[in-house]
Protein chains: 4
Amino acid sequence: MGLAGSRPDERGATVAIRATIWNEYVHERRDAPVAKIYPNGIHVTLGEALREHLGDEVEIRYATLDQPCHGLTTEVLEQTDVLLWWGHVAHRDVSDEVVADVVERVRAGMGFIPLHSALKSKPFLTLMGTTCRINYRHDERELLWTVNPGHPIAQGIPHPVIIPEQEMYGEFFDIPAPDELVFISSFSGGEVFRSGCCFRRGSGRIFYFSPGHETNPVYHQPEIRRIIANAVRWACPDEAVPEQRYGHAPAGWFETS
Amino acid sequence: MGLAGSRPDERGATVAIRATIWNEYVHERRDAPVAKIYPNGIHVTLGEALREHLGDEVEIRYATLDQPCHGLTTEVLEQTDVLLWWGHVAHRDVSDEVVADVVERVRAGMGFIPLHSALKSKPFLTLMGTTCRINYRHDERELLWTVNPGHPIAQGIPHPVIIPEQEMYGEFFDIPAPDELVFISSFSGGEVFRSGCCFRRGSGRIFYFSPGHETNPVYHQPEIRRIIANAVRWACPDEAVPEQRYGHAPAGWFETS
Amino acid sequence: MGLAGSRPDERGATVAIRATIWNEYVHERRDAPVAKIYPNGIHVTLGEALREHLGDEVEIRYATLDQPCHGLTTEVLEQTDVLLWWGHVAHRDVSDEVVADVVERVRAGMGFIPLHSALKSKPFLTLMGTTCRINYRHDERELLWTVNPGHPIAQGIPHPVIIPEQEMYGEFFDIPAPDELVFISSFSGGEVFRSGCCFRRGSGRIFYFSPGHETNPVYHQPEIRRIIANAVRWACPDEAVPEQRYGHAPAGWFETS
Amino acid sequence: MGLAGSRPDERGATVAIRATIWNEYVHERRDAPVAKIYPNGIHVTLGEALREHLGDEVEIRYATLDQPCHGLTTEVLEQTDVLLWWGHVAHRDVSDEVVADVVERVRAGMGFIPLHSALKSKPFLTLMGTTCRINYRHDERELLWTVNPGHPIAQGIPHPVIIPEQEMYGEFFDIPAPDELVFISSFSGGEVFRSGCCFRRGSGRIFYFSPGHETNPVYHQPEIRRIIANAVRWACPDEAVPEQRYGHAPAGWFETS
């Protein structure tokens, strides 16, 4: 019943992945067509996808814009291994303090999975250093092709995945060249897009994944759910991420340590 | 009248790029439809493209399968800065000795531009270490999109380039992840392809470029000609490629040099 | 008690990693100083390292040059998830048929971990497409620095690792730019080396790791053992590596599948 | 007499590279030992290095912190092809407006060469999205090794370059993995550093180069001067950088253009 999401700790014991799913949660409460597809919010549907594939190997927490600190207090972030992020119309309403905390935590090793329109979210923009601009158009068929079949995020994924209807995102996508490119999409109108991109920043692993427009039921599609579950496993930091030392280093400091 | 192809030597003087265009030259002498498009051979059309864009900044030499050493003697290779390669049905007829010479010369700094079906040529297979296998289908519209707009090979190229009719090459394309990915193509049937890929091997620069099926007049298309000319400039080694030293290195060898 | 090496299968059950450790096993039977350090062969010491860190989550098989098919029959390779390779003086004695089988299996997904002088082994040379030449000198102190602290292979590894005495390998190391660079070493004589390099070829993951000269007890050092165990886990293919299709693709082939 | 720095425009005519050298210019006016090495400021010494290698193929402009807009008005930036940046103690005094202008211009194609302690400059931090933290120590011998001998920035550079005395910068260097790694340094104390790193962001090329501590005469050293001149040529945008379009894209927009 799905891939196991557990990861071993230093002593070989199994430790659940602590995933926090953040959603601005605006469309679903305002726009009837979106509410029909995601009645409890996109975040809950994503959580169900993780539960389906990762079982009790994942602990799921939800956080939304309207909560204090957007649900992302320092305590929550410290207890988060992987942060998923869906946002679209309210990027500017996210507080800069929370963004700074998220970014710092990613650099320290927390996995980060911005989805679809989260390419314009403040944490992703800060971590990329580019504008992340794109071209777009609604209601196209998307074909998602694997260009890195040995990558953990591609495991069990058919080639191609057919998404019957989805918002087109087209190149040029103004990102740094991904450290690993896993998926490239084409659209019925002819555009292409680097739709599944891995980045490492500091000790953290980032997977940007473009499918997921709010008016299309993309997160109910089995292959998409599997990809996101795969990504959560891939992005989860290992137990023993080395701590960094920085600053003045006396000669031979490492010999006496 | 096109971009200047000259490169400066150590003393700032202009030195022409010495391009050798290799073609197996089989289809054009055997298949009437191909002969109609490329009456003098694909190599000559490619040479005209270089002349058009690089003017007298390029010296062009042709070499074909049926010549002694396939036209690629040690002398020719030593006088070649960039080798373009078109082959399709006669890959196996290329002698292993010539292949070894080509590969060695690329590693020493010669630029190498395999075109279209040359993905299955012996030199490219040897340099990649992978199978370079693909999916294919004839007679589709190809759209070529730039995903690296600051790259020298993308200069002056519209986004997208529309190739009205071309053989579809589809992922998965079994190559190492390119060092720089410049173009991604989509096809009317929905497939995608990493169609413009840069690799560095040893001191040599390699640009694989997929457009160019023999029954479609792709090398007569202005944007494609510009891309290939851009690639010749990019792939041309600098005058002062450092020589490598290898082998036993006595302690402090570099202090006395 | 070491990190757990198990990986989940499609149904979430734990499956052991099947590691095959190949050693040319020449020095240890011929050179007294080497025999003293590795009385049962380098392969057995490496196997003990995997057992120490991965416990019964790994199944270990040994194979050596002098066995029929060098111990690497098709059956053995088909039952191998990760192949470790140590060779030095007998690279040429490895049969081209076995090399072809190994290379094909790596491309299909088998992990491959060439160690130290295996940079000149036939499978690694074939997979890289470069000469893999280096500079070298005996008996230097090596410092191994992590430049990718979030990488699974760096987990639990101090920064730097101090190897009291080891053969110096120095740049230029003629390899393709690694897909991920994990470790860089310096030596007491001043040279540097890209000592821990990840490559993906086909569906297979390759980790080249340079420490391990036969006259120094490097594979008895705890940090080195941990790195190699980490690498075995990283290189192990997932259960559900997508199968590739290649060749002629009728229009819409993916819609009917 | 140096390499020619000219680049061809669309019509093949030679156009000079417009380099602007920015220096915070604090140490040289305050610290006698620095003033002795760089009596007219580090920027002027860097300018002399460009003149020496690029001759009249480069137009040089200087800009310093104390000028209005730090000398980097919109007009100046629009007339700059490559911006060199040296800063150390006054990073915080650089206005955020100027930083935003610089970053935007890099994304549009301007080359950017942050030197030494400019790894903590605001424009570089913004473009990288990481902390760029390091370890450091004064007065060590640095050896600079080429790991990408075919790269234009490595042309004519000995292997290694010996810098008799320089500030040690040691890993972990918290940057994204460079798109191309050209140089790795070692220091007498044993540390290593990725000392020459290429990045592409938007249409712009960035080369971070670490040598250049203010109390060591590094920018008077011939090989270092050549590297910086090489980098200016490499980072200079081509004449015909494609303009990007972003935003809503009506179906078939590219067919009518």
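Colleague: Why is A:Phe193 called buried?

Modeller: This is a predicted model, and in it A:Phe193 has a relative accessibility of 0%. Buried means under 20%, so A:Phe193 counts as buried.

Colleague: What makes the pair of A:Phe173 and A:Phe193 stacked?

Modeller: The ring centres of A:Phe173 and A:Phe193 are 4.6 Å apart, with the planes at 25°. Rings pair if their centres lie within 6.5 Å, and planes under 30 degrees apart count as stacked. The pair is therefore stacked. A:Phe173 lies in the loop between β8 and β9 of chain A, and A:Phe193 in strand β10 of chain A, so the pair ties together parts that are 20 residues apart in sequence. Both residues, A:Phe173 and A:Phe193, are buried.

Colleague: Which aromatic cluster does A:Phe193 form with other residues?

Modeller: One cluster is formed by A:Phe124, A:Tyr169, A:Phe173, A:Phe193, A:Phe199 and A:Tyr208.

Colleague: How many aromatic pairs are there over all chains?

Modeller: The count over all chains is 52 aromatic pairs. One of them joins A:Tyr169 and A:Phe193, with ring centres 5.6 Å apart and planes at 75°. Planes over 60 degrees apart count as edge-to-face, so this pair of A:Tyr169 and A:Phe193 is edge-to-face. A:Tyr169 lies in strand β8 of chain A and A:Phe193 in strand β10 of chain A, so the pair ties together parts that are 24 residues apart in sequence.

Colleague: Is A:Tyr169 buried or exposed?

Modeller: A:Tyr169 has a relative accessible area of 5%. The cut-off for buried is under 20%, so A:Tyr169 is buried.

Colleague: Turning to chain C, why is α3(C) called roughly perpendicular to α7(C)?

Modeller: The axes of helix α3 (residues 42-54) and helix α7 (residues 222-235) of chain C cross at roughly 75° and come within 9 Å. Angles of 65 to 115 degrees count as roughly perpendicular, so α3(C) is roughly perpendicular to α7(C). Among the residues that meet are C:Leu46, C:Ala49 and C:Leu50 in α3(C), and C:Ile228, C:Ala229 and C:Val232 in α7(C). By class, this contact of α3(C) with α7(C) has 8 nonpolar, 2 polar and 5 charged residues.

Colleague: In chain B, how do you know that B:Ser185 is buried?

Modeller: B:Ser185, in strand β9 of chain B, has 0% relative accessibility. Buried means under 20%, so B:Ser185 counts as buried. The residues that B:Ser185 touches include A:Val192, B:Leu143 and B:Phe193. B:Ser185 and B:Leu143 are 42 residues apart in sequence and 5.3 Å apart in space, C-alpha to C-alpha.

Notes:
Residues numbered from 1 in each chain as written. Chains lettered and ligands numbered in written order. Predicted model: local features only at pLDDT ≥ 70, side-chain atom pairs only at ≥ 80, totals over all residues. Heavy atoms only, no water. Phe/Tyr/Trp six-rings, centres within 6.5 Å; stacked < 30°, edge-to-face > 60°. Helix = DSSP H or I, 4+ residues; strand = E, 2+ residues; numbered from the N terminus. Buried < 20%, exposed > 50% of the residue type's maximum accessible area, 1.4 Å probe, protein only. Axes fitted to C-alpha atoms, helices over the stretch in contact; angles between N-to-C directions. Parallel < 35°, antiparallel > 145°, perpendicular 65-115°, else oblique. Contact = heavy atoms within 4.5 Å. Nonpolar A, V, L, I, M, F, W, Y, C, P; charged D, E, K, R; others polar. Lists of a residue's contacts leave out its neighbours within four places in sequence.
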